[in-house]
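Welcome, and please take a moment to look over the structure below. The report that follows walks through a few of its parts.

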Amino acid sequence: MSSETVLEVGGLAKSYSSRTGTTEAIGDVSFDVARGEFVCVVGPSGCGKTTLLKCLAGLLEPTSGEVRLDGEPVRRPPPNMGFVPQDYTNSMLPWLRVDKNVTFPLRHKGVGAARRAELADETLRIVGLSEFARHYPWQLSGGMQQRVAIARALAYEPEILLMDEPFASVDAQTRGDLEDLLLDVWDRYGVTTVFVTHDIDESVYLADRVIVLSARPSKVQRVLPVDLPRPRDQITTKELGEFTKLRTEVVRTIRQTGSRAVSGTGGHRSR
Amino acid sequence: MAGVARAGRRGIPVLRSSFWVGLAGVLVVLIVLEGVARLELLSSTWFPPVTVVFETLGDLLGTTELWANVGWTLQGWGAGLALAAALAIPIGMLIGSFEPAYRAVRVVIEFLRPIPSVALIPAAVLLFGTNSLSMKVFLVAFAAFWPILFQALYGVQDVSPGVKESARAYGLGPGARFVRIVLPSTLAYVATGVRISSAIALILTVTAELVVGADGLGRAIIVAQTSVQIPAMYAYIAVTGALGWALNAAFQAGEARLLHWHPAQREEVRA
Amino acid sequence: MTAGGGAVRGRTYQALLLALEITVPALLLVAYAIWAAAAESFYFPPLGEIGERFAELWFAERLTDDVLPSLRRLAMGYLLCVVVGIGAGLVLGAFRLVQQAVQPFAEFLRALPAVALIPFGILVFGARGDSMKIFIILVGAVWPILLNTIDGVRGVDRGLLEMARAYSVGRWGRIRDVVIPAALPRMVAGMRTSLSIAIILMVVSEMVASSNGVGYFVLESQRRFAIADMWAGIVLLGIIGYLANLLFVQTERRILRWHRESKGASL
């Protein structure tokens with residue numbers, strides 16, 4: 001890993017006001033992400049993970065503190081950022097075929113037609129959906145739709161990839177496949193990745209570093225470096241004593257935040 | 001799912017504030033219209049001040065003439081709608097549940113339905129005379145027949161086979177099945193059909209009065225116009241609109257009460 | 001649909017249904033023809049006579065004198081409804097406050113039978129020209145499009161908009177490529193209702209105040225007691241209504257293929 005910092009989050013806080021009063025979603029969060037790094041953010045349910053990611057993405061304006069990407073403060077979604085949202089069905093445009101969904105952001109970026117077709121071909125091949133390019137998204141399964149979302153993010157040729165619990169609503173088998181696909185892609189493109197999840201196994205399996213958030217209003221509770229060897233494997237990596245030790249550490253940290261809402265097993269699906 | 005919850009949470013406060021915003025909107029428009037007339041920006045003969053129109057309306061509300069007109073219009077509307085429902089509900093249920101009957105009349109329906117009901121006005125005059133209730137009733141019933149027919153047809157066909165089968169399993173005979181299961185389910189659809197038809201029936205009633213000169217609000221409007229009693233013309237137009245609004249509101253309320261049991265009010269097009 | 005269509009008698013049954021579908025309307029026509037010939041009713045002339053008048057009227061100069069003016073008014077009025085309804089609907093759907101402010105007026109005007117505004121239209125635009133008819137079509141038929149567009153815009157999935165925003169798609173791009181396609185099914189549903197209202201208003205406005213047009217012709221024929229002419233006009237209006245709807249459904253099928261199929265697929 002190079003130590004050059006790409007993303008800096010400093011003193012970030014976000015609160016919502018509504019009729020019933022002010023809700024503090026994020027208390028005070030600071031961390032840095034180095035170029036090419038894979039960082040997972042975990043925390044108990046409802047701790048403001050999604051809010052945090054939206055602040056990083058420039059979709060929400062923080063109440064205080066700031067986010068810098070390549071030293072520039074983020075005030076709106078930056079043009080070199082890919083985004084994979086939680087719910088695949090809500091991010092696919094049902095009137096466009098899969099390849100057009102992939103190239104949708106590119107058209108607005110001003111990328112030429114030939115280059116767009118090239119990028120769609122390439123990224124769909126990488127996520128294993130070449131033969132489905134001319135299908136409509138609603139003809140695909142949930143896991144396949146989420147691959148399309150990943151292909152879309154890759155075709156955008158981003159420097160940084162933000163993912164918001166992208167595999168939360170697919171079944172366990174598919175989830176494992178998607179995790180491996182993502183690691184493969186990350187390795188190939190070297191794209192800096194921030195991955196939000198409530199699944200502790202997933203975070204340890206994927207990340208270079210795991211950032212554990214506290215319950216709301218969230219703060220960084222702990223940062224755990226993960227030194228498991230790469231390439232990782234669903235069976236052998238998870239058999240390592242080091243893996244078990246790390247996930248136990250994460251579970252313990254989250255328990256300390258006073259919330260039991262998160263289970264330590266990979267099967268937890270509550271949203 | 002999320003959308004429904006969101007709307008539900010926001011429902012009440014929005015309703016309240018929207019009332020005041022709506023009231024403000026109405027006041028602004030009325031004040032502008034009043035100003036335009038007072039400043040003679042448009043000919044005040046044709047565009048009298050709103051206050052003058054309201055004054056005329058107030059005077060008219062004290063006369064039997066206005067209420068007689070409302071009565072005639074309601075009579076044509078009610079009788080026509082009732083006749084339409086009395087014919088359309090049984091026919092719709094019959095052809096909806098018995099395919100040979102449907103196939104026998106399909107071509108006839110496809111031929112008659114697109115005829116714009118108002119095209120039959122001359123024929124109705126010829127058959128029933130200009131100032132007769134039956135003339136109005138014929139026209140109204142012809143136009144109001146179709147939405148109720150199709151809703152009854154869909155309603156009968158929409159009874160889920162599962163429900164029918166379990167009713168049979170519980171030993172309900174054909175008669176009981178019809179009364180307890182088919183009828184309530186169809187009723188839900190028919191209620192929507194009657195509400196749509198009610199608006200159409202009012203259009204036809206007023207048209208018959210306006211074009212042919214049968215007694216009622218439509219005739220009152222055109223008489224006021226031709227005798228250059230312009231404020232009275234606007235007052236009658238306002239009364240007609242209020243009547244339309246009140247009938248629609250009454251049907252909507254009735255429908256909501258009737259269908260409170262019905263799972264997730266069907267997606268329906270606003271007509 | 002029918003439970004009785006078993007494999008054995010399926011074919012005979014289908015043939016029977018088809019026979020019913022053809023013979024019943026044919027029998028009705030024959031019955032009318034025989035009855036009309038025998039009864040010599042003044043009001044119900046024989047079919048042959050109506051058909052004859054139909055051909056004489058609508059394939060001759062009446063075509064340019066009456067039919068084309070009617071179609072022109074309908075087309076212009078309806079086009080205006082679509083443009084105004086969708087344009088205003090997009091604006092109102094996006095700005096909640098404006099929408100709330102105009103809501104009571106919109107509800108009132110929607111509930112008002114548009115024909116009641118014909119005398120007002122005559123005041124403003126005069127009785128003769130096309131502008132009165134086009135105005136009436138606009139104020140009467142714009143509401144289904146407007147209200148459906150507002151609903152459609154409101155119903156656009158927030159996830160889609162957020163995705164577009166995350167990928168730096170600008171405001172105009174989001175409206176053109178996300179909001180409009182997503183709201184299109186609702187808009188089209190409104191446009192269909194609007195079309196049948198527009199035809200009604202075209203006919204009525206011609207009946208009340210016009211010196212040409214099919215609506216005018218039908219009423220005038222009745223007043224002249226030219227009964228076969230009147231029926232020929234009514235049949236023509238039926239055909240116009242039928243063709244307009246057919247054209248609409250065909251277009252809708254092409255534009256909204258994704259919507260129809262995605263609904264089926266998601267089950």
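## A residue in chain B

Ala238(B) is partly exposed, because 18 other C-beta atoms lie within 10 Å, whereas a buried residue would need 20 or more and an exposed one 12 or fewer. This is a predicted model, so please read each feature here with that in mind. Ala238(B) has its place in helix H10 of chain B.

How far apart are the C-alpha atoms of Ala238(B) and Glu165(B)? They are separated by 52 Å, with the two residues lying 73 apart along the chain.

## Where chain B touches chain C

The helix that holds Ala238(B), H10 of chain B, also has a part in the contact with chain C, as it supplies at least two residues to that side of chain B. The contact as a whole takes 48 residues from chain B and 52 residues from chain C. Alongside helix H10 (230–258), the helices of chain B that each supply at least two residues are H1 (2–38), H4 (99–112), H5 (121–128), H8 (174–212) and H9 (217–226).

Which helix gives the most to the side of chain B that touches chain C? That is H4(B), with 8 residues. By kind, the residues on this side of chain B divide into 34 nonpolar, 10 polar and 4 charged.

## A kinked helix in chain C

Chain C has a helix H4 of its own, covering residues 96–111. With 16 residues, helix H4 of chain C reaches 22 Å from its first C-alpha to its last, close to the 22 Å expected at 1.5 Å a residue. Where does H4(C) have a kink? Look at Val102(C), shortly before the proline Pro104(C): a kink of about 45° lies there.

Several residues of H4(C) are buried. Among them are Gln99(C), Gln100(C) and Ala101(C), along with Arg110(C) and Ala111(C).

## Chain A as a whole

Now for chain A, whose secondary structure comes to 8 helices and 10 strands. Its radius of gyration is 18 Å, close to the 18 Å that the globule rule gives for 271 residues, so chain A is as compact as a globular protein of that length. Taken along the principal axes, the C-alpha atoms of chain A fill a box of roughly 50 × 45 × 40 Å.

Of the 271 residues in chain A, 46% are buried. Among contacts between residues at least 6 apart in the sequence of chain A, 71% join residues at least 24 apart.

## The sheet of chain A

Chain A has an open sheet of 10 strands with mixed pairing, in the order S5-S4-S1-S2-S10-S9-S3-S8-S7-S6. Why do strands S5 (72–73) and S6 (81–84) of chain A each have one side without a neighbour in the sheet? Both stand at the edges, each with a single partner strand, so one side of each is left without a neighbour.

Some of the pairings can be followed residue by residue. Strand S1 (residues 5–18) and strand S2 (residues 21–34) of chain A run antiparallel, joined by 10 bridges, and they form a hairpin with 2 residues between them. Thr5(A) has Ala34(A) in S2(A) as its bridge partner. S2(A) also pairs with strand S10 (residues 218–225) of chain A in the parallel sense, over 2 bridges, and here Ile26(A) stands opposite Ser218(A) in S10(A). Another parallel pairing joins strand S7 (residues 160–164) and strand S8 (residues 192–196) of chain A over 5 bridges, where Leu161(A) stands opposite Thr193(A) in S8(A).

Methods:
Residues are numbered from 1 along each chain as its sequence is written. Chains are lettered from A and ligands numbered from 1 in the order in which they are written. This is a predicted model: local features need pLDDT of at least 70, side-chain atom pairs count only at pLDDT 80 or more; totals for chains, interfaces and linings use all residues. Two residues are in contact if their C-beta atoms, placed from the backbone, lie within 7 Å. Helices (H or I, at least four residues) and strands (E, at least two) are DSSP runs, numbered from the N terminus. Ala, Val, Leu, Ile, Met, Phe, Trp, Tyr, Cys and Pro count as nonpolar, Asp, Glu, Lys and Arg as charged, and the others, Gly among them, as polar. The expected span of a helix is 1.5 Å times one less than its number of residues. The bend at a residue is the angle between axes fitted to the seven residues ending there and the seven starting there. Two strands pair if DSSP finds at least two bridges between them. The radius of gyration is taken over C-alpha atoms; the globule rule is 2.2 Å times the number of residues to the power 0.38.
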